[in-house]
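Subject: Structure handover

Hello,

Below is the structure I said I would pass on. Please open it first, then read my notes beside it.

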Amino acid sequence: MYDYNAIRELVINALVHNDWTNGYSPKFEIFKDKLVISSNGGIQEGVSQEEFLKGFTNPRNPELMRVFRDLEFVEQLGTGIQRVLKVYDRNIFEFYPNHIRVTIPFNDNTLNSNKNEEFIDNNSLSKIQNSILQLIQTKPTITQDEIAQILGVTLKTIYRNFKVLIDNNYIKRTGSNKKGIWKILK
């Protein structure tokens, strides 16, 4: 529905750069066609909109940023927005004196007739295997490349987990590699 790595960066930015002193947390809203992330506090003091969009940073919460870096949620200061802008246009950002809002439109090709079905995790499978099943349920025509991108893992990891799912009769491929679909068996 969206670029996983870009959304990950936006969520981390909303948490790390939010102005927590006013008691408000970032807001994450999911609509049928978009995801909207609103962060309190506006752009950090001493940083212009243009500098923000070019990746310059002045962390509002340096200790929180340190914790995220220690946990390896962030790699390097100032690279997140640049990663987002490789995928999305800069007009996804709206700047206000006390808020930043980011609106990410969902990719139309991921929505299908299965969207109202519930998915229940299988406790005997790994988290990534359950995620693969959920993505297949959402879009049976999904490719392994797309799944790797959405989950933010290597294609080799996806191949290995698909092999487990196929060998244990959780999924099967019907039709050709190009025009076929994945079917969930269990």
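Of the 186 residues in the protein, 35% are buried. Keep in mind that this is a predicted model.

Overall make-up

The protein has seven helices and six strands. Read from the N terminus, the elements follow the order α-β-β-α-α-α-β-β-α-α-α-β-β. If you take the contacts between residues at least 6 apart in sequence, 54% of them join residues at least 24 apart.

Some background first: the strands of a sheet pair through backbone hydrogen bonds, and the pairing is either parallel or antiparallel. Here four strands form an open sheet in the order β1-β2-β4-β3, and the pairing is antiparallel. Why does one side of β1 and of β3 lack a neighbour in the sheet? Both strands, β1 (27–30) and β3 (93–95), stand at the edges and have a single partner strand each, so one side of each is left without a neighbour. From one strand to the next, the twist averages 15 degrees.

β1 and β2 run antiparallel and are joined by four bridges.

Helix α1 (residues 4–16) lies across β1, β2, β3 and β4, and runs at about 25 degrees to β2. α1 also packs with helix α3 (residues 62–70), at an angle of about 145 degrees and with the axes 9 Å apart. From α1, the contact uses Ile 12, Leu 15 and Val 16, and from α3 it uses Leu 64, Met 65 and Phe 68. By class, this contact of α1 with α3 has six nonpolar residues, no polar ones and no charged ones.

Leu 53 is part of helix α2 (residues 49–53). Is Leu 53 buried or exposed? Its relative accessibility is 8%, so Leu 53 counts as buried, the cut-off for buried being under 20%. Leaving aside residues up to four places away in sequence, Leu 53 touches Ile 81, Gln 82, Leu 85, Arg 90, Phe 93 and Phe 95. Take Gln 82 from that list: Leu 53 and Gln 82 are 29 residues apart in sequence, while their C-alpha atoms are 7.3 Å apart in space.

Helix α5 and its two partners

Two packed helices are described by the angle between their axes and by the distance between those axes.

With α6: the axes of helix α5 (residues 127–138) and helix α6 (residues 144–151) come within 11 Å and cross at roughly 120 degrees. That angle makes α5 oblique to α6. The crossing of α5 and α6 is right-handed. On the α5 side the contact is made by Ile 128, Ser 131, Ile 132, Leu 135 and Ile 136, and on the α6 side by Ile 147, Ile 150 and Leu 151. Sorted by class, the contact of α5 with α6 has seven nonpolar residues, one polar residue and no charged residues.

With α7: the axes of α5 and helix α7 (residues 155–167) come within 10 Å and cross at roughly 80 degrees. α5 is therefore roughly perpendicular to α7. α5 contributes Ile 128, Gln 129, Ile 132, Leu 133 and Ile 136 to this contact, and α7 contributes Thr 157, Ile 158, Asn 161, Phe 162, Val 164 and Leu 165. The contact of α5 with α7 has eight nonpolar, three polar and no charged residues.

The hairpin of β5 and β6

Strand β5 (residues 171–174) and strand β6 (residues 181–184) run antiparallel and are joined by four bridges. In this pair, Ile 171 stands opposite Ile 184 in β6. The hairpin of β5 and β6 has six residues between the strands, and in it Gly 175 takes a positive phi near 90 degrees.

Regards

Key. Residues numbered from 1 in each chain as written. Predicted model: local features only at pLDDT ≥ 70, side-chain atom pairs only at ≥ 80, totals over all residues. Heavy atoms only, no water. Pairing = 2+ DSSP bridges. Helix = DSSP H or I, 4+ residues; strand = E, 2+ residues; numbered from the N terminus. Axes fitted to C-alpha atoms, helices over the stretch in contact; angles between N-to-C directions. Contact = heavy atoms within 4.5 Å. Buried < 20%, exposed > 50% of the residue type's maximum accessible area, 1.4 Å probe, protein only. Parallel < 35°, antiparallel > 145°, perpendicular 65-115°, else oblique. Left-handed = near helix turned anticlockwise from the far one by under 90°. Nonpolar A, V, L, I, M, F, W, Y, C, P; charged D, E, K, R; others polar.
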